Every structure is written in structure tokens, then in C-alpha cells.
Amino acid sequence: MPENNPPDSKIEVRVEDDRTGMSPSAVRRAVLDHLQFTRAKNLQDAHDIDIYQAVAHAVRDRLVYRWMATSRTYQRHDVRRMYYLSAEYLPGRRLASSLLSLGIFELAKDELARFGLDLNQILEEEPDPGLGNGGLGRLAACFMDSLATLNLPAWGYGIRYEFGIFRQAIVDGWQVEKPDEWLSSGNPWEIARPEFAVAVGFCGHVDTWSGRDGRPRARWVPGEHVIGLPYDTPIPGYRTDTVNTLRLWAARASEEFDLAVFNDGDYRRAVEQKALSESISKVLYPKDSSPEGKELRLRQQYFFVACSIADIFRRYHKGHDDLSRLVDTVTIQLNDTHPAITIAELMRVLVDDHSVSWDEAWAMTVAICGYTNHTLLPEALERWSLPLFERLLPRHLQIIYQINYDFLQEVHVRWPGDNDRKARMSIIEESDPKQIRMANLAVIGSHSINGVAVLHTRLLRERVLPDFAELWPDRFNNKTNGVTPRRWLLQCNLPLAQAITDRLGHRRWITDLDSLSELAPLAQDPAFLDQLRDIKQTAKDSLARHLHKTLGVSIDPSTLFDVQVKRIHEYKRQLMLCLYVIHLYRRMKMEGQAPIGRTVLFGGKAAPGYVRAKQHIKLINDVASIIDRDPDVRDRLKVYFLPNYNVSMAERVIPAADLSEQISLAGKEASGTGNMKFQMNGALTIGTLDGANIEIRQAVGEDAFFDFGLRADQVLALRQQGYHPERFLAESAELSGALDLIDSGYFSPDDPGLHREIVRDLRQHDPFMICADFDSYRRCQERAAQTWSDGSQWWSLTATNIAMSGHFSSDRTISEYAEDIWKLRPQKIRLQPDKARKPTKTQ
């Protein structure tokens with residue numbers, strides 16, 4: 001955020017009321033002013049994109065005023081700040097959320113209507129930044145919202161991916177990745193900060209010598225540099241004057257252009273280094289099946305960590321002459337293992353750049369850093385090839401070796417002679433080639449290691465990191481995830497939000513979601529249940545119209561909307577829902593049974609290199625195509641895969657969902673946050689007892705949650721005794737029939753063998769135990785269908801789910817982090833008098 005003037009600067013900038021005023025006339029003048037002087041358009045000549053940009057800039061002006069006040073307050077009081085390092089942020093569109101935060105949504109809507117403009121139509125002009133791939137990035141965005149709403153001093157750091165993750169197209173049923181050009185029309189929310197650019201080194205060599213005090217000293221001499229250019233985005237709190245900062249780093253070449261090479265006629269080589277340097281911030285999660293892809297990923301991770309650590313120290317040194325208050329004023333949270341290199345970089349800066357002794361630097365690093373683990377999958381606990389790491393980051397490898405040596409000495413003292421334990425706990429994996437275990441580095445270098453659901457944290461202690469939990473039991477703790485009710489209820493489901501407000505008689509629930517429990521008695525109120533039914537039907541009608549308009553898809557809003565939207569991964573078991581759809585199709589087509597009308601919606605992206613996940617997308621689309629062409633069933637069963645599922649689509653789908661599919665194999669999902677969003681919006685969950693599903697079920701009661709399948713301990717026991725899917729197939733005629741139908745080529749008549757590999761894998765291996773869980777899942781689906789048929793019971797359970805969703809607010813999660821890990825205190829932001837009047841209308 002703006003940092004050019006020190007807190008005690010005598011320069012006063014007079015801010016005009018049109019920049020900060022909150023009255024209808026001030027907002028109206030501000031929009032017209034930006035339309036003319038920012039977009040160079042008259043109202044009569046403006047397109048919707050011009051109106052969007054003008055409104056966005058007018059809103060940003062009001063945020064900037066609060067943003068600067070927030071920055072001044074933090075500097076003046078030398079507050080303790082939390083720095084959140086995340087490779088992903090999935091913020092969604094910002095205009096509507098910013099209007100709601102400022103309390104001027106209805107005001108803006110009315111003012112645009114004066115000119116014959118529809119705010120909802122204008123909102124559609126904003127692109128949806130693809131800076132994440134699902135729960136991790138969306139969680140980071142929810143956390144930033146809650147931090148500002150709770151007035152907690154925080155910064156977010158990440159990468160400004162020029163083309164996001166990718167724009168997903170479905171071509172002949174296959175996922176095709178295309179660039180997500182979210183910046184093509186400009187981004188009115190960000191401000192470039194070239195004055196805070198950071199030079200990041202790679203490769204090179206390390207000089208070593210003995211200092212005057214006899215201690216070994218080292219200096220890294222990088223062989224190449226990349227410039228990190230920061231772009232700042234204001235993150236406002238809801239109805240507070242706090243506006244925190246999300247700083248995203250873009251990679252730029254240290255030398256833009258080699259003129260001598262160009263003049264010699266080698267035009268390609270003249271810009272080659274620039275292209276290589278800037279590839280670091282082109283896309284999120286580049287395909288890493290090649291050595292070049294792996295190197296690019298490691299470069300990305302170090303790039304944004306190095307930029308962020310340099311920026312943290314620059315800001316700290318503005319107000320301090322030494323490092324005596326660093327631990328008191330700085331705390332860093334690592335959002336999963338992507339930023340784990342922070343541990344080594346922080347040690348490098350302290351030891352090499354600030355001449356801090358090794359032991360003192362290590363104590364400071366551990367005190368500053370906290371690590372959130374988000375996965376139970378061993379393959380997701382990142383490892384880097386040691387030769388690659390040594391070539392790119394030679395000094396960091398030396399530091400990691402020393403960290404590891406010191407740590408293994410501690411292990412030896414605790415468990416003398418236990419070499420197997422040492423091998424498990426070592427940062428260096430003795431494989432060929434050797435690997436660097438980034439999760440081990442993060443655990444060893446952090447004072448707090450937290451899971452994100454009660455079961456997840458238990459499994460971290462018992463299965464994933466048991467040796468570390470035994471060594472440092474007090475470092476491990478749980479912080480169950482949450483989602484912001486501002487976006488996932490107030491913004492995306494305004495009719496439900498208004499109904500809640502009317503019934504409770506207050507709007508306190510927007511920042512105190514636990515107060516929704518006051519709705520619990522209304523689960524037996526017929527009038528309230530009718531209201532919920534009408535609200536859900538309106539959302540379904542709206543989604544049906546949107547899909548027909550934008551994708552040409554026709555769905556029946558009177559059917560049950562059965563929804564599974566999330567990242568495509570085998571453990572999330574989209575395949576199991578697809579198999580259940582095939583089972584329903586067989587019943588309807590071949591057995592003459594007519595179950596309830598059902599619309600099944602899938603959505604999500606598969607990683608570019610994840611071949612099996614892409615095969616599952618193809619199978620889903622082939623099944624959908626056959627069903628849609630079959631006149632015998634298409635009026636009762638519809639399947640559709642939503643292409644390029646993103647936050648904006650989620651805001652339409654989630655309020656319309658009746659049944660929320662949370663069906664991962666127990667013990668594989670860390671938490672999940674989609675489950676919470678669906679619950680908050682009145683969908684009932686069908687799910688395994690995995691991740692936060694367990695806590696949702698505890699909150700709503702067993703009758704209001706359709707659970708099925710093996711428990712996590714049963715999964716482990718079955719795997720240990722030897723899992724044989726053919727045994728379960730022999731006992732399930734329904735599943736065998738579905739697999740036989742796929743195997744016959746029924747859903748791929750032009751290529752009958754296309755999906756046989758999927759069938760063969762299930763019959764012979766089935767690593768995520770679909771065969772073991774399928775019959776339980778099928779029976780649970782039948783129970784859900786029976787409940788749906790009994791309308792009053794369904795809507796009573798819907799009311800209960802909404803009423804008991806309070807625990808799953810990200811405000812609760814962030815409050816726990818702030819108190820238990822970060823030790824943050826809220827800061828009251830005071831605006832200068834008369835510079836930002838209260839709105840005359842509120843939303």
C-alpha cells in the first residue's frame with residue numbers, strides 16, 4: 001500500500017469530496033468523472049466495459065482513502081503484522097464485493113438506473129481472475145476478507161499470473177487448456193509499485209570466508225537475476241475502515257532487450273532472456289512432467305518468496321535501526337508447502353545479509369514462521385531434485401544442509417541409534433537422485449504446524465508427520481477452515497440473506513455467523529420452509545436461464561440439482577458420481593424404473609499433466625452426450641459438465657444446488673470448503689466422513705447429513721489387509737453392470753475401447769476404493785431421493801443446515817489463528833473528519 005510519505009510527514013494532500021464522498025450525488029459525480037477522464041467517453045458513447053471501469057475506479061478511490069489511513073495507522077503504531085504467503089488466490093470479481101463492503105451496493109444500483117443502466121449487467125463485464133485452482137486459492141481469498149473485516153493487520157503475498165491457471169474449454173468432451181487473458185481489458189483494482197521492485201537471484205556460486213570473529217561467512221553471487229514488480233490490490237473489510245493489501249509479484253527481465261544482438265540480426269536471441277525471465281509469472285502450476293516444467297515451478301516458488309521476504313525487511317527497516325523488534329512485529333504464515341523455501345531464505349537474509357549468528361537467526365526464523373498443511377496425499381508434499389535445487393539455489397542448499405544437520409543431532413539425542421527415524425525425518429531423502437522434502441523443512445522451521453479440520457489434524461499427527469508430532473506435540477494444532485459469509489451468502493444469495501435478516505431482525509449475522517443458530521426453531525415453521533423453497537426455486541430458475549443463454553444448455557429447474565464442482569482429482573471421486581449416473585440410466589433405460597427427476601452438474605479443472613483426471617472428464621461428457629440424445633430418459637435425467645468453472649459460476653451454482661456431493665475417500669480430503677458454501681446456502685450434503693464433513697455432520701445432526709462409506713480407519717485397515725476390488729464387484733450387480741456398459745463402448749461408439757483403461761483400473765487396482773464404497777453410496781443416494789420426495793422433511797433439513805453453518809465462517813477460523821498462532825490485535829482505523837460520510841442507503 002502507499003508508503004512514500006512517513007507517518008509524521010508535514011505534507012497534506014487535500015482530497016476532494018468527489019473522491020471520497022459516500023452520498024448519491026458524490027458517487028454519481030465520481031462515476032461520470034472517471035467515465036470522462038479515465039475512459040475518455042461520454043455517457044452516450046460508453047459501452048458496458050467503460051461503465052464498469054468508471055464505477056470500479058470510483059469505488060477504488062473510496063477504498064484508497066481507507067487504504068492509506070490503514071497504512072498510516074500500522075506504521076504509526078508499529079503494529080505486529082501477519083504476512084500470508086500463498087501460491088494461489090482466487091478472489092472472484094471485486095466490484096460487487098467492494099460495493100457491499102462500503103455499504104453502497106443499492107446506492108450504486110439506483111444511481112446507474114437513473115441513466116438506464118443495470119448494475120447486474122455491468123458486473124458481468126468484470127473478468128474472473130484465475131489465480132488459483134480451487135479450495136486453496138479460494139480459502140486464501142476468504143482469509144484476506146476476514147482479516148480486514150476483523151481489523152487485523154495483515155498482508156497477502158503471491159504471484160500475479162498473467163494468464164492465470166488456464167481457461168478450460170471442452171472440445172469433443174476433452175479438456176483443452178487455453179490462456180486466461182484476465183488482464184486483456186486492464187485491471188482497475190491494482191496499482192503497480194515499481195519503486196518497490198526486487199531483484200531475485202538464481203544459479204551462480206557461493207563465496208565463503210572466515211569473519212573477523214572467526215565465524216564462517218558466505219555470500220551468494222547469483223549468475224542471473226529476475227526483477228519482481230509488485231502490484232497492490234486493496235482488500236476491504238465489511239463495513240470497517242480497514243483496507244489491507246494483497247501484493248502480487250510479476251516477473252520482469254533484468255535487461256529488457258539486447259540491442260547489440262538485435263543489430264547483428266539475431267532477433268529471436270535478442271529477446272530470448274526476457275521471455276525466459278518473464279515466464280515465471282505467466283501461468284499458475286505449469287505442467288511439470290518435463291525437467292523444464294519442474295525447474296519453472298521451483299523458480300516460481302523461490303521468486304515470490306524472495307520478493308516477499310525482501311519486501312518484509314524493507315518495510316521493517318523503515319521504522320527500525322536494528323532487528324531487535326523483528327520477532328515482535330513480523331509473523332509469516334506459509335499456506336501449504338509452496339512457500340516452504342521461506343525458511344531457508346529467511347535464514348539467508350538474517351545470516352548473510354544482516355550478520356546474525358546462526359543460532360540466533362534460527363530462533364528468530366522458528367518464532368516468525370507458521371505452517372499450514374493442506375494435504376494428506378504423500379505426492380502433494382513437495383520434493384525437489386537435489387541437483388536441480390543445487391544449480392538454481394546453491395546457497396539455500398548449503399543452509400538446508402546445516403538446518404538438517406542440526407535437526408538430526410536433536411533427533412539423535414532424543415532417539416539415539418534410531419536411524420530409520422532419522423531417515424524418515426531428514427529434510428534430505430536418500431533416493432536416486434536425492435530429494436529435498438519441503439514439508440519437512442516447513443515443519444522443522446515453524447513454531448506452529450496446523451491442519452485444517454479435526455480429522456485432518458489427527459491424521460497429520462498419526463500418519464503423515466507422526467515422528468515430528470512425537471518430537472514437538474505442542475507445535476501441532478487444528479484450525480478448521482471456514483468461508484466468508486459476505487461473498488458466499490450475502491453477495492451470491494441476496495434473497496436468502498434478506499430472508500435471514502427479516503427473520504432474525506438484525507444484520508449482525510453477516511459478521512457473526514453463529515447468530516444463525518437463532519433460526520433453528522424455524523426448521524418446524526411451515527411458512528419459513530415455504531420461503532426457503534421459493535428462494536431455492538428462484539436460484540434454480542436463474543441458473544437454468546443463465547446456462548441456456550451462455551452455453552445453450554436446457555435443464556429442468558423442477559428436478560433435483562445434484563452438484564459436484566471442485567478440482568478434478570481421483571481422490572475426490574467424480575468417477576463415482578459418474579458411475580451412479582450410469583446406474584440410474586440403466587435402471588431407467590433397461591429396467592423401466594423411473595426415479596425422481598435429476599440434473600447432475602459437474603465442474604472443475606484437471607491439472608494439465610493429469611492424464612487420468614482428463615480421461616474422467618471425457619467419460620463424464622460422453623455419458624452426458626448419450627443421455628441427452630436418448631428420448632427415453634433425457635426428460636428425467638440430465639448430466640452436464642460446466643466448462644471453465646470459476647468463482648463467478650460458483651456464485652450461481654451454489655445457491656441453486658439441492659444436493660452437495662462431498663464424496664472423497666475418507667482420509668484423503670484435508671478439509672474442503674465447498675461443503676461449507678453449499679451448507680450455508682441450504683443444500684444438503686451427501687458425503688463420506690472425511691475432512692470437515694465430519695464437523696458439518698456434528699453441527700447439523702445425523703438426520704440432516706447423508707453419510708456413507710468407509711471411515712478413515714476402515715480404509716487404512718482394508719488397505720493393510722490387502723484391498724481387492726473384484727470382491728466388491730462380485731457383490732454389486734449394479735456397479736458391475738455400469739462398468740460393463742462402459743467397457744462395451746456404449747458411451748463411446750466411435751471408439752469402443754476409449755474408456756476401457758478406466759474400467760480395467762477399477763477392476764484391478766481401484767486406488768481410491770470406489771468399488772468398496774459404491775453400494776453404500778447408491779443406498780445413500782436412494783435415501784436422499786426419498787427425502788427429496790417428502791418435501792416438508794427436505795426443507796426442514798435445509799433450514800437446519802443453514803442455521804447450523806455459523807461455525808464454518810472464516811471469521812471464526814481467522815480469530816483462532818490470530819489468538820493462538822499470530823498473536824495479532826485488532827487496529828482501529830480512524831479517517832479524517834468529513835472526508836468519507838456515511839452512505840444514505842445501505843446494503
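In which sense do β14 and strand β15 pair, and over how many bridges? I found them antiparallel, over two bridges, with β15 at residues 435–437. For pairing I went by DSSP finding at least two bridges between two strands; strands (E, at least two residues) and helices (H or I, at least four) are DSSP runs, numbered from the N terminus.

A note on what I am looking at: this is a predicted model, where local features need pLDDT of at least 70, side-chain atom pairs count only at pLDDT 80 or more, and totals for chains, interfaces and linings use all residues. Residues are numbered from 1 along each chain as its sequence is written, and side-chain values use heavy atoms, leaving out hydrogens and water.

Back to the sheet. I read its order as β13-β15-β14, an open sheet of three strands with antiparallel pairing. β13 (383–385) and β14 (428–429) are the edges with a single partner strand each, so one side of each has no neighbour in the sheet. Opposite I428 I found I436 of β15.

Last, I followed L579. Leaving aside residues up to four places away in sequence, L579 touches L735, A738, L739, I742, L762, I770 and F774, with contact meaning heavy atoms within 4.5 Å.
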